[in-house]
Amino acid sequence: MADSEGLVRARMHSEPLAAVSHRLLASWHRSQEFGVPLEDVAPAFSGTYDGESLFYRCGREVLDGLRDTLANEPVSMMLTDADGLVLDRVSADRELLAALDRVHLAPGFSYGENQAGTNGLALALADRVPAVVRASEHYSFSLTGYTCAAAPVLNPMTGAVEGCVNFTTWSESSTDLLLALAQSAAGNTAAMMLARAQGQHARPAPRGTVFRVEASSGRPGAGSVPTLSTRWNQALASSETALSQHDSVLLVGEPGTGRATILARALRTIRPRGRILSAGVPAARDVDAWLDLWTPELPKPDTAVIVRDVDRLPARGADALAELISRVGDGVPVTLTASDYDAVPAALAQLVRSVVEVPPLRDRPEDIAPLARHLALRARGREVSLTGDAERALVGYSWPGNVTELATVMHEAAVRADVVGVDHLPPEVLSRTTQRLTRIETFERDEMIRVLSRPGITMNQAGEELGMSRATIYRKRDRYGITLRSHA
């Protein structure tokens with residue numbers, strides 16, 4: 001700790017240690033652990049990115065809209081991805097651009113904490129909240145001539161960090177409005193992404209929910225799980241083995257695949273009479289309250305914890321959680337879930353001793369129908385059956401939201417009928433198109449599905465109701481990927 005404190009004091013120059021915010025101090029410590037040099041930054045050059053992504057197109061449009069507003073200001077506007085890779089840079093100040101080139105703060109270079117140490121965009125991405133890093137607050141001495149203000153852009157449909165908007169200027173320039181401008185640009189980018197995402201709804205900010213996992217009663221509809229595929233059971237068996245050997249396991253896979261369910265079942269097998277807490281990560285502003293809520297339970301006997309979606313945990317929260325787990329010591333199972341191992345904060349990744357992958361639902365088609373009936377049973381409270389057409393439609397759909405999406409679909413269908421048919425399923429399940437549809441095309445597709453899903457309807461009847469010829473119906477049905485087939 002002495003060496004670390006000496007480093008911090010050196011970074012502060014004439015400022016006392018007490019004046020350093022906990023957030024900035026944590027970032028300096030991480031920068032030191034990453035081995036970032038104090039003198040000069042040497043970020044890695046990649047140069048490759050997805051210029052067609054929704055995030056990039058919307059972000060670039062927002063920055064272009066601000067170009068004229070800031071034309072006479074010594075400010076460089078940047079767009080980065082979630083890892084800090086600079087995707088685009090906009091500025092009318094040639095002197096500033098030349099200076100930024102010398103420190104490689106340019107498109108194609110990665111400016112995450114692990115590459116460039118503490119800076120505005122890296123801190124905003126690490127903690128998932130806006131950040132300003134001024135002059136000597138930078139970790140590297142080569143960046144002390146600049147001030148950076150950045151705000152992360154969260155995907156409005158998934159809540160994942162897409163990247164950030166960063167504004168950089170000279171350290172002696174006024175920065176009072178810089179952070180507000182970055183936040184506004186990030187918010188406008190997210191709003192534009194939502195508006196262009198085909199009517200999807202914004203995902204609410206996480207609240208850091210914590211609940212106790214109870215054992216299944218075994219009664220139908222009360223939580224019993226149907227017999228599932230070999231791949232699912234392999235993930236469950238691997239989790240049980242890891243927990244029995246060293247109380248540590250990370251489950252990775254797409255959101256909604258049932259990662260936390262596997263961990264709960266594995267923990268219940270290993271500790272049949274223990275208490276299991278499941279904690280979902282909070283928004284960045286709620287980290288302290290979230291940690292205070294449940295971490296005092298860690299040292300208690302027979303307590304195990306599932307921390308979900310740690311790849312969305314702000315870096316400061318991940319550091320605090322890792323330190324707490326290390327302090328409590330062995331014997332307390334703390335299990336984690338994430339979308340990908342590489343996205344797990346470094347402090348927590350160091351504690352992981354086993355990684356188990358949970359396959360997405362589309363790769364387990366044999367699980368779809370049993371899960372659909374089980375989820376419908378839970379929603380209605382009694383057995384629900386599927387028509388052959390409905391089951392084929394469910395199995396043929398790609399389920400981007402995995403089991404979570406299936407649960408929503410089956411709940412809405414089961415509350416309407418004891419026998420679920422295609423007319424109880426939403427249009428997207430009955431359409432396999434991957435192309436982006438306009439609002440008019442989406443309306444047309446949904447109307448075709450509504451008519452074609454009607455039991456016993458003939459093609460002539462469908463054509464009359466839709467105002468289309470048979471040839472047009474066939475053509476548009478193929479274009480929209482509609483799986484329904486009407487009677488001749």
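**Reading the model feature by feature**

Biologist: Which residues does Arg 30 touch, not counting residues up to four places away in sequence?

Modeller: A contact means that heavy atoms lie within 4.5 Å. With residues up to four places away in sequence left out, Arg 30 touches Glu 113, Leu 123, Ala 126, Asp 127, Ala 315, Arg 316 and Asp 319. This is a predicted model, in which local features need pLDDT of at least 70 and side-chain atom pairs count only at pLDDT 80 or more, whereas totals for chains, interfaces and linings use all residues. Residues are numbered from 1 along each chain as its sequence is written, and side-chain values use heavy atoms, with hydrogens and water left out.

Biologist: Is Arg 30 buried or exposed, and in which helix is Arg 30 found?

Modeller: Buried means under 20% relative accessible area, exposed means over 50%, and partly exposed lies in between (1.4 Å probe, protein chains only). Arg 30 counts as buried because its relative accessibility is 8%. Helices (H or I, at least four residues) and strands (E, at least two) are DSSP runs, numbered from the N terminus. Arg 30 belongs to helix H2, residues 22-34.

Biologist: How does Asp 478 read by the accessibility rule?

Modeller: Asp 478 counts as exposed, because its relative accessibility is 55%. This residue is found in helix H18, which covers residues 470-479. The C-alpha atoms of Asp 478 and Ser 431 are 9.4 Å apart in space, although the two residues are 47 apart in sequence.

Biologist: How many helices and strands are there in the chain, and what percentage of its residues is buried?

Modeller: The chain has 18 helices and 13 strands. Of its 488 residues, 50% are buried. When contacts between residues at least 6 apart in sequence are considered, 71% join residues at least 24 apart.

Biologist: How should I read a sheet, and what is the strand order of the open sheet of six strands?

Modeller: Two strands pair if DSSP finds at least two bridges between them. In this open sheet the order is S6-S8-S9-S10-S7-S11, and the pairing is mixed. Strand S6 (210-213) and strand S11 (355-357) are at the edges; each has a single partner strand, so one side of each lacks a neighbour in the sheet. From one strand to the next, the twist averages 20°. Within the sheet, strand S8 (residues 275-280) and strand S9 (residues 303-308) run parallel and are joined by six bridges. Leu 277 has Val 305 of S9 as its bridge partner.

Biologist: Which strands does helix H8 lie across?

Modeller: For such angles, axes are lines fitted to C-alpha atoms, for helices over the stretch in contact, and the angles run from 0 to 180 degrees between N-to-C directions. Helix H8 (residues 230-246) lies across strand S7 (250-252), strand S10 (334-338) and S11, and runs at about 170° to S11.

Biologist: How many disulfides does the structure hold?

Modeller: A disulfide is a covalent bond between the sulfur atoms of two cysteines. The criterion is a pair of cysteine sulfur atoms within 2.5 Å. The structure holds zero disulfides. Cys 164 is in none, and the nearest cysteine sulfur, that of Cys 148, is 9.8 Å away. Cys 164 is buried, because its relative accessible area is 0%.

Biologist: Why is strand S5 largely enclosed by the rest of the structure?

Modeller: Strand S5 (residues 161-170) is largely enclosed because nine of its ten residues are buried. Strand S1 (residues 75-81) pairs with S5 in the antiparallel sense over seven bridges, and Asp 81 has Gly 163 of S5 as its bridge partner. Strand S4 (residues 146-154) also runs antiparallel to S5, joined by nine bridges. S4 and S5 form a hairpin with six residues between them, and Gly 159 in the turn has a positive phi of about 85°.

Biologist: Which residues other than glycine have a positive phi?

Modeller: Most residues other than glycine have a negative phi. Among those with a positive value are Asp 302, with a phi of about 60°, and Trp 399, with a phi near 50°. Asp 302 is found in the loop between helix H10 (287-294) and S9, and counts as exposed because its relative accessibility is 51%. Trp 399 is found in the loop between helix H14 (388-396) and helix H15 (402-414), and counts as buried because its relative accessibility is 0%.
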